[in-house]
Each structure stands twice: as structure tokens, then as C-alpha cells.
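Please read it beside the coordinates.

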Amino acid sequence: MKVVTRLEDVPPAVAPIALTIGIFDGIHLGHQAIIKELHKLTRKTGTRVLLTFSNHPSEIFQPQSPTPLILSFEHRLHLLKLYGIDLVIALPFTREFSEQSYVECMEALRKKLPFQELVLGEGASFGKNREGDEERLKTLASQMGFKTHYLKKERHHKEMISSGMVRNFVQEGKLKKIKKYLGRPYSIWKLLEPNALKKENETLHSWSFETSQLCSLPSGVYGVDFEGEPDTLPAIAFIQNSQDLSGSLSTVTVYLESEPPNTPSVNLSFVEYLHPEIDPTLFQSTPQSILENLSAQPSLS
């Protein structure tokens with residue numbers, strides 16, 4: 001998968017070219033339906049392109065309280081590659097960009113990327129004041145020579161699937177709901193820095209990291225899968241959330257009983273909630289002992 005951060009760097013693409021535009025935070029089942037449509041329209045020989053932003057528009061429009069993201073930018077790119085996107089155009093969202101009309105956006109994009117198909121979700125609109133709605137964009141498409149495809153919103157039972165709903169479920173710790181909306185468990189993906197894993201004793205290894213500006217599960221203890229390349233190991237994760245002047249901060253401490261794989265990146269999948277928040281330093285032992293200690297601890301809720 002190719003990633004560019006400027007329209008000037010968009011490489012030549014093999015037709016048919018199918019494009020979608022959006023933040024795609026979470027890459028939930030609705031987003032996945034759009035990606036599947038890109039695959040359908042391009043078949044095996046075309047190019048699937050996603051235009052997104054490296055930062056969330058809320059950082060420009062409400063800088064004091066930007067939207068907490070479900071996925072980091074790096075995690076989003078990792079998943080888009082897995083879902084078969086060929087080219088990601090990841091532009092910085094700026095005040096200047098927000099002032100462009102939808103016509104200016106389309107003209108600038110078509111000069112660098114002569115796409116034939118544009119796939120969007122129902123109700124999607126863009127450009128200054130969100131004037132590029134379905135009716136106007138279809139008119140523009142007929143003038144510029146491309147087709148538009150608007151897909152209906154995906155639903156789980158009667159509930160409409162959206163990134164906002166997934167964020168609510170993450171903050172409430174509803175792991176089963178998140179899995180149904182995403183089609184996969186909630187996870188945190190990170191590159192593994194050298195010497196990030198520490199050997200606590202003969203059997204126990206630990207890994208600690210911080211996340212900021214991300215939507216976080218409630219503080220607590222969770223059963224997780226430590227997914228390396230290629231091995232997956234069961235582990236236990238402690239999440240401790242805090243707030244400072246720069247915003248929300250989450251500290252995640254992971255314990256593994258097995259020797260961790262030598263892997264460049266880790267996807268930490270959250271499988272189940274085990275216990276309310278407990279200081280992880282109280283449990284410098286094996287995961288089995290941690291579980292025994294947890295069962296003996298009174299609920300802190």
C-alpha cells in the first residue's frame with residue numbers, strides 16, 4: 001500500500017480507479033462496506049484509493065476539546081492495508097483546506113487522480129459549509145465524467161453503526177458491542193520499540209506504554225491477546241486513565257507469562273474485562289498469580 005501526504009505526490013494509478021473520502025476512524029462495518037464496494041468496482045486490476053486526513057477536523061474546529069480517536073493514525077493505516085486499499089492520500093486537515101468548496105476539492109483531486117468511481121456513505125457531504133451533498137455531487141460528477149455511489153448506513157439490529165457510537169462503547173467498556181460494530185475486537189496497535197519488553201522474573205515479561213488523544217476503555221484490568229508477527233499470546237493488561245493540562249492520558253501495562261515473539265509491531269486485542277482499576281505494581285508475579293490475586297480483591301467500583 002502506498003501512502004502520500006500531498007496531492008502533488010499522487011502516483012500514476014491503474015484504471016479503473018475507485019475512490020472514497022473520509023476519516024474512517026475505527027474502520028467499522030460501515031467503512032468496511034465502502035471498502036468492499038471499492039473492491040467490487042475495481043475488480044482485480046484496478047486501484048482502490050482512500051483520501052483521508054492525518055488529523056481529525058475537530059482539532060481545527062474545536063481545538064480545546066478535539067474528538068478522541070478510536071484508532072491512532074498508524075493503526076488506521078495498518079488496517080487499511082489489511083483491508084486491501086492500494087493508495088492512501090493522507091492530507092493534513094487545515095483551516096485553509098476547510099475553506100475550499102467541494103468543486104475546488106474535486107477539481108484539484110481529479111487533476112492528480114483521474115478516478116472513474118466515487119464511493120461514499122449515505123448522507124456524506126464535504127467542502128466549505130458541507131455544501132457538497134449528494135445532489136450537488138451527482139450533478140458535478142456528470143459534468144466531470146465520474147460516477148457516484150452512495151451506500152446505505154450499516155446497522156446492527158436497529159442501531160445505526162457510526163464512529164460516534166463506537167467511541168461511546170469504548171468509553172463505557174462494552175467490549176461485546178464494540179466487536180459487533182467493528183467486526184473484530186477492540187485493539188491498540190503499536191510499533192514495538194527496542195527493549196520495550198522487560199523481563200520481570202524467570203517467567204514474567206512486561207510492556208508499558210502511554211496513549212494520548214485516543215478514546216480509552218475505562219481504567220481496569222483486561223484479558224488481552226498479544227498479537228505479534230506471527231505469534232499470538234494470552235496476556236493481562238492494566239489500563240490507568242488520567243487527565244492533565246494537555247488532555248487525557250492512558251497508561252497501559254501488559255504482562256505475559258510466555259517469552260514474547262521478536263516482532264516489529266503488536267496488536268493488543270482486548271478480549272474481556274476482568275476487574276476494576278488496580279495498581280499493576282502490586283502484582284509482580286505470573287499472570288496466573290495475578291488472576292488469583294484479582295479474584296481475592298474486593299470490587300473497587
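1. Basis. This is a predicted model, in which local features need pLDDT of at least 70, side-chain atom pairs count only at pLDDT 80 or more, and totals for chains, interfaces and linings use all residues. Residues are numbered from 1 along each chain as its sequence is written, and side-chain values use heavy atoms, with hydrogens and water left out.

2. Largest pocket. A pocket here is an open set of points on a 1 Å grid over the protein atoms alone, with protein on both sides within 12 Å along at least five of seven lines; lining residues have an atom within 4 Å of a point. The largest pocket has a volume of about 1,400 Å³. Volume is the space filled by probe spheres set on the points, which are joined across faces, edges and corners. Of its 50 lining residues, Ile21, Gly22, Ile23, Phe53 and Ser125 are the closest to the centre. Elements giving two or more residues to this lining include helix 1, strand 3 (47–53), helix 5 and helix 7. Helices (H or I, at least four residues) and strands (E, at least two) are DSSP runs, numbered from the N terminus.

3. The largest pocket is lined by 23 nonpolar, 17 polar and 10 charged residues. Ala, Val, Leu, Ile, Met, Phe, Trp, Tyr, Cys and Pro count as nonpolar; Asp, Glu, Lys and Arg count as charged; the others, Gly among them, are polar.

4. Second largest pocket. Its volume is about 320 Å³. Of the 21 residues lining it, Trp189, Lys190, Leu191, Phe209 and Glu210 are the closest to its centre. Helix 3 (73–82), strand 9 (187–191) and strand 11 (205–212) each give two or more residues. Strand 11 supplies the largest share, six residues. The lining draws at least three residues from each of domain 1 (2–159) and domain 2 (185–296). Those bounds come from an automatic or database domain assignment.

5. Cavities. A cavity is a set of grid points where a 1.4 Å probe fits but cannot get out. There are two cavities of 30 Å³ or more.

6. Second largest cavity. This one has a volume of about 40 Å³. Its lining includes Ile70, His75, Leu182, Arg184 and Tyr186. It too draws at least three residues from each of domain 1 and domain 2.

7. Helix 8 (residues 175–182). Leu175, Ile178, Tyr181 and Leu182 are its buried residues (buried means under 20% relative accessible area, exposed over 50%, partly exposed in between, with a 1.4 Å probe and protein chains only). The arc is that of the directions from the helix axis to the C-beta atoms. Their packing partners include helix 1 (29–42), helix 7 (163–172) and strand 15 (265–276), where contact means heavy atoms within 4.5 Å. Gly183 follows helix 8 with a positive phi, near 75 degrees.

8. Helix 6 (residues 134–144). Leu137, Leu140 and Ala141 are buried. They cover an arc of only 105 degrees, which puts them on the same side of helix 6. Glu135, Ser142 and Gln143 are exposed on the other side. The buried residues pack against helix 5 (102–112), strand 5 (117–121) and strand 6 (147–151). Just after helix 6, Gly145 has a positive phi of about 90 degrees.
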